[in-house]
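This report walks through selected strands, helices and single residues. Please keep the sequence and the model side by side while reading.

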Amino acid sequence: MLIVLAFLCYFLGTAGYFICAYSRQPILPVVAWWFVVVGALFHALDLLASIFFPQYVGEFSLHSDALSIVSLLVAAIFALLARHRPISLMGTFIMPFVLLGIIGASVLPFEGVPMRPIFRHGMILFHIAMLFIAYAFFSLSFSISLVYLLQERKLKRKDLKTAMTLLFPSLEVLDRLNHRCVLIGFPFMTAGLIAGFGAAQVFWKKFWTGDPKEILSILTWCVYAILFHQRLALGWRGRKASIVAICGFISVIATFIGVNLYGETHHVTFFHHQEK
Amino acid sequence: MEDQILVVGINHRTAPVEIRERVTAGLATEDISRNLDMLKRDGFFDEFMVVSTCNRIEFVVVSRESAEVIKAINNLLCEASGRYLSYEMVYTHEGLDAVRHLFRVASGLDSMVMGEPQILGQIKGAYREATQRRTVGVILNRLMHKTFSVAKRVRTETGIGCRAVSVSYAAVELAKKIFGSLRDKRVLLIGAGEMAELAAEHFMRNGASHLIIANRTVERAIELAKRFRASTIPFSHISNAFETVDVVLSSTGSVNPIIKKEDIKAFMRKRRYRPLFLIDIAVPRDIDPKVNELDNVYLYDIDDLQEVIEWNKEERRREAEKAEHIIEEETIKFHRWLQTLDVFPTIIAMRRKAEEIRLTELSKTFSHLPHLSEDDKKAIIKLTEAIVKKVLHDPIMFMKRKASRPSKEFYVDLVQQVFNLPMGDDRRAHNLKLPEVGCSNLRIDTNTTAMASEGGNIHPFKKD
């Protein structure tokens, strides 16, 4: 029920941002922002009720619940960013992903696993939390990159009509935001991966199993590592950086959801193993 | 005859600039302004103000004798122009047309460059002057304040003023699409023609931090540098500046391109790929078009900018339609307010009668009951006030509702008979009272003002 309310609020907020692209009513972005904030609150309540609540003895799904959490984080970070910056129009690019996330969470097979006490092990919680935060920042970076590429293309090809009509933030602002998202997301991802391998070492006495999810994670990490380094050291920016960020995010999706759906990874077997 | 709002005047479309100049000069002379004051004193105008800018001279008048007033103003304009003006140049708007016209003018819809913002300030100035000379009353006060809010609404809700319609402004707008803000951006000016100068001025006014000028003739460069507090570099050294500048404006008379792709490419790494925005307003072009192929480099020539401008003009026209819609809406709202003015005297008469009855009955009662304490008296006064207010509330709301109906005359008569109010529509007498009401908070709040103004005078206990 709560998630429906959250979806409704997000939806209205998204619609508001889309209308912003055409109308200059100054109240619109504010209203849309509040819808997103209220939506995020409902969303958080929903997640608290179903996952983090201490008395809860239900199941946790690697796809649906995880996707829902990341969506919430994206919405929350966006709301924080858009509060005082003139980037509210980014909502037209970011919010649809949040909506997609929620839809995905309810459409994907639930395949829940019972919450075991082991789930509350600090290392695993840390591993999950860090990666979720990193993924949220990466998905923001992905949306921003898309807008950047769109805008840059219009400016380069001298399709100035469109470039001038689109009320998106300027290229430099977009690039700076993108830079920050990667700058923040990457350390979180690094910490999350280290915790993950650490946990594997603790529970299976072996940190590397050659599992597809592990391989993809490392690959994703490498993409962002390159981006992180090139941005800081060489001053990479703009188109190139945006394209790499998009590649990185595709790899995130593959790691995060793709593998879980199409393969028996140790994450899934891990849960079932614990069940026995 | 009812009060009419009139706009009589000439503008850039109806009269050539020589005539407008003469009229403006003529109006400033003593004679004419004395004539105007005389017209007002003779009761020709109830209220008036004059909007005079370089593109228009308009009289905004509230009067009951519109035909005479129009004739008088026509003569006045003609006289001011030294009899050069012909009467066809003068246009007249009456009633709602006048209201709509004022709204349109203030929103910049009637301006030479559509959507230009200065006109609003000029009208505000004219209104301020008129209030100082005390020539405006309740209707113009309300009308002008409404005009300002309509203009503001048009500005915020439509894009009429935010599209560049000149080359230099378009360049600044484009730069903002890339950099966001121009603050702390450095501008390099290559060639110091008039066009470049104008563009440089725009960039500086929009916050660019530093200007560097490179020109073949050093004198001209130095002259410009003084004006903008800029620095100059020798023409042959321009490529060295590419490392630090963000915007390049080029407008030399050179036949061959002076900036090539390789020149810029060499500096991009040193710039750490910070975006570089190049504007080439020279014909033939100064910058090799291939430069645009470089990452994070954006090159525009005069044709690109011209295209933007053409399209922006069209866009302004499209936004103007939205603005017209807003204006139509507000004109209707204002019309409704004007109509309530017609039922207003009856409402006041109703209130006055009730108030008189209340006060007479109160003083009768109090003279019979001398033992009442001050507090008791106060309570009783409060009570009577509340009763009168509540009893009158519905009839007043009824009147206000009927104000916009064509049958309002009938209802006014009916109410006057039911309450046995003094007949005769001495609107002027009532109108004279209105300014205090209207000026104080620009909202006719009859509830409080009528009570206060009358109760305050004859209240038997307030003096104690």
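Strands here are DSSP runs of E with at least two residues, helices are runs of H or I with at least four, and both are numbered from the N terminus.

β8(B) pairs in the parallel sense with strand β5 (residues 186–190) of chain B, over 4 bridges. Pairing requires at least two DSSP bridges between the strands. V187(B) stands opposite V247(B). Strand β9 (residues 276–280) of chain B also runs parallel to β8(B), joined by 4 bridges. There, L278(B) is the bridge partner of V248(B).

## Basis of the model

This is a predicted model: local features need pLDDT of at least 70, side-chain atom pairs count only at pLDDT 80 or more, and totals for chains, interfaces and linings use all residues. Residues are numbered from 1 along each chain as its sequence is written, chains are lettered from A and ligands numbered from 1 in the order in which they are written, and side-chain values use heavy atoms, leaving out hydrogens and water.

## Chain B overall

Chain B holds 16 helices and 10 strands. Of its 464 residues, 50% count as buried. Take the contacts (heavy atoms within 4.5 Å) between residues at least 6 apart in sequence: 72% join residues at least 24 apart.

## An open antiparallel sheet

Four strands of chain B form an open sheet in the order β2-β3-β1-β4, with antiparallel pairing. Its edge strands are β2 (47–52) and β4 (91–94), each pairing on one side only. The twist averages 15° from one strand to the next. β2(B) and strand β3 (residues 56–63) of chain B share 6 bridges in the antiparallel sense. V51(B) stands opposite E58(B) in β3(B).

Helix α1 (residues 17–28) of chain B packs on this sheet. It touches β1 (4–11), β2 and β3 of chain B, and its direction makes about 55° with that of β3(B). Helix α6 (residues 138–157) of chain B lies across β1, β2 and β3 of chain B, at about 40° to β2(B). Such angles run from 0 to 180 degrees between N-to-C directions, with axes fitted to C-alpha atoms, for helices over the stretch in contact.

## Helices α4 and α12

The axes of helix α4 (residues 96–106) and helix α12 (residues 302–368), both of chain B, come within 9 Å and cross at roughly 135°. That makes α4(B) oblique to α12(B); under 35 degrees is roughly parallel, over 145 roughly antiparallel, 65 to 115 roughly perpendicular, and the rest oblique.

From α4(B), L96(B), V99(B), R100(B), F103(B) and R104(B) meet residues of α12(B), including I327(B), F334(B) and H335(B).

## Two single residues

P117(B) is found in the loop between α4 and α5 (118–132) of chain B. At 48% relative accessibility, P117(B) counts as partly exposed. I160(B) is 43 residues from P117(B) in sequence and 9.7 Å away in space, C-alpha to C-alpha.

In chain A, S217(A) lies in helix α8 (residues 212–234). S217(A) counts as buried, at 8% relative accessibility. Leaving out residues up to four places away in sequence, S217(A) touches M189(A), L193(A) and T255(A).

Conventions: Buried < 20%, exposed > 50% of the residue type's maximum accessible area, 1.4 Å probe, protein only.
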